[in-house]
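Let's take a friendly walk through a protein chain, from its inside to its surface. Have the sequence and the 3D view at hand as you read.

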Amino acid sequence: MPATTAAVPDRAVEPPAAPRINRADDRSSLFDERFLKTLEHLHMVSRKVFAGNLRAERRTRKVGSGIEFADHRTYARGDDFRYIDWNLYGRLDKLLLRLFEEEEDLYIYILIDVSDSMSIGAPLPKLHYAMQVGAALSYVGLANLDRVAIIPFSDRLIDRLPPSRGKNRIFRVFDFLRKCEIGGQTQLAECMKTFVTQNKRRGLAVLISDYYDPVGFEQGLNTLRYNKFEPFVLQVYDQREANPQLHGDLALVDCETGDTREVTVSRALLEAYQREHERYCKELEAYCTRYAMAFFRTHTAIAFDQLVLKIFRSGGFLR
């Protein structure tokens with residue numbers, strides 16, 4: 001583990017004498033009627049944020065045979081002479097071909113960390129919070145006629161909900177997230193390798209996780225970047241992880257690996273831990289900034305819709 005990830009033990013500091021009830025297993029009330037109303041409000045806000053323009057016609061662009069001019073290139077033998085720019089030929093005495101933009105659907109991949117470290121948190125487990133944020137972003141994407149896929153992961157890609165479009169598909173998203181398998185260790189790098197292998201259509205990769213990976217976050221994010229995906233990084237944490245209220249002689253257990261470490265928790269040790277945890281999170285943010293990746297960090301005490309509104313108002317996700 002690199003030095004920058006030394007703060008990762010906070011993903012699992014729980015005394016073994018107090019058995020943990022995995023509240024992340026109970027997802028029956030995760031997407032209730034109130035949640036649906038909140039989603040519709042978020043969708044309306046997303047439309048207003050973009051000057052009243054209905055973003056349903058938003059598409060990614062590539063050079064092709066559309067109707068909107070994109071660029072010129074030198075005429076080559078065999079090209080369709082109907083696309084020669086004769087006006088430029090008269091001025092420059094060069095045969096240049098007009099190129100046009102071709103529209104294609106935007107693909108949005110919602111990748112949600114469902115490892116054991118995500119089952120911790122209050123008032124909601126981080127996993128529940130991540131699923132609500134993922135569902136909210138999915139709803140806006142579906143309503144805008146983008147193609148949205150849901151992919152849970154931990155030490156592997158757990159399953160996938162294939163890309164679909166249209167607001168009515170949100171109920172398939174709810175059902176999928178309620179029933180998907182959870183648990184395992186966080187292995188971001190390996191999961192992203194599998195993801196880019198299985199998904200050839202490039203698009204926006206929304207990665208929702210606590211990023212408590214023993215080998216760090218760089219390799220996984222780089223895999224997305226190098227394979228022409230657009231990473232959108234959302235870090236979710238619990239306030240008790242950043243500022244644990246522990247003291248005395250304790251046996252701390254890593255909830256993903258089961259490793260146990262006996263420590264004497266003092267004020268000085270807690271302060272050192274808090275600094276290291278903050279340093280790790282700041283390094284993730286700085287890394288995303290350096291490579292122009294969208295980054296948002298939140299704790300579970302902040303309402304999910306407040307986070308989504310912040311994303312919209314910052315110009316993230318929908319552009």
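This is a predicted model: local features need pLDDT of at least 70, side-chain atom pairs count only at pLDDT 80 or more; totals for chains, interfaces and linings use all residues.

The report below covers confidence, nonpolar cores, salt bridges and a surface patch.

Residues are numbered from 1 along each chain as its sequence is written, and side-chain values use heavy atoms, with hydrogens and water left out.

The score pLDDT is the predictor's confidence in each residue, from 0 to 100. For the protein chain its mean is 84, and 83% of the residues reach 70 or more. Over residues 51–58, however, the pLDDT is below 50, and this stretch has 14 contacts in the model beyond near neighbours in sequence (a contact means heavy atoms within 4.5 Å). Residues 61–66 also have a pLDDT below 50, with 19 such contacts beyond near neighbours in sequence.

**The inside**

In soluble globular proteins, nonpolar side chains tend to be buried together. Here, buried means under 20% relative accessible area, exposed means over 50%, and partly exposed lies in between (1.4 Å probe, protein chains only). A nonpolar core is a set of buried Ala, Val, Leu, Ile, Met, Phe, Trp, Tyr and Cys residues joined through side-chain atoms within 4.5 Å.

The largest nonpolar core has 48 residues, and V206 and F317 have the most contacts inside it. Among the elements that each supply at least two residues of this core are α1 (33–49), α3 (126–143), β7 (204–209) and α9 (304–313). These labels follow DSSP runs, numbered from the N terminus: helices are H or I with at least four residues, strands are E with at least two. Helix α3 gives the largest share of this core, 11 residues. A second, separate core has 29 residues, including F153, Y212, L224 and Y280.

Helix α9 has several buried residues: F304, L307, V308, L309, I311 and F312. Just after α9, G315 takes a positive phi of about 90°.

**Charged pairs**

Side chains of opposite charge can pair when their charged atoms come close. A salt bridge is a side-chain nitrogen of Lys or Arg within 4 Å of a carboxyl oxygen of Asp or Glu, and by this rule the count comes to 13 salt bridges. Three of them are listed here.

| Pair | N to O distance |
|---|---|
| K126 and D210 | 2.9 Å |
| E181 and R156 | 3.0 Å |
| K282 and E285 | 3.9 Å |

Which parts of the chain does the K126 and D210 pair link? K126 sits in helix α3 and D210 in the loop between β7 and α6 (218–226), 84 residues apart. Both K126 and D210 are buried.

E181, in the loop between α4 and α5 (188–198), is 25 residues from R156, in the loop between β5 and β6 (161–164). E181 counts as partly exposed because its relative accessibility is 45%, and R156 does so because its value is 39%.

K282 and E285 both lie in helix α8 (residues 267–290), 3 residues apart, about one turn of the helix. Salt bridges that share partners join E278, K282, E285 and R297 into one network.

**A surface patch**

W86, Y89 and L95 form a nonpolar patch on the surface, with about 300 Å² of accessible area together. Nonpolar patches are made of Val, Leu, Ile, Met, Phe, Trp or Tyr residues with over 30% relative accessible area and no salt bridge, with side chains joined within 5 Å. Accessible areas come from the Shrake-Rupley method with a 1.4 Å probe; for residues, only the protein chains shown count as cover. L95 lies in the loop between α2 (86–92) and β3 (96–104).

Conventions
Patches are made of residues with over 30% relative accessible area and no salt bridge: like charges are joined within 9 Å, nonpolar side chains (Val, Leu, Ile, Met, Phe, Trp, Tyr) within 5 Å.
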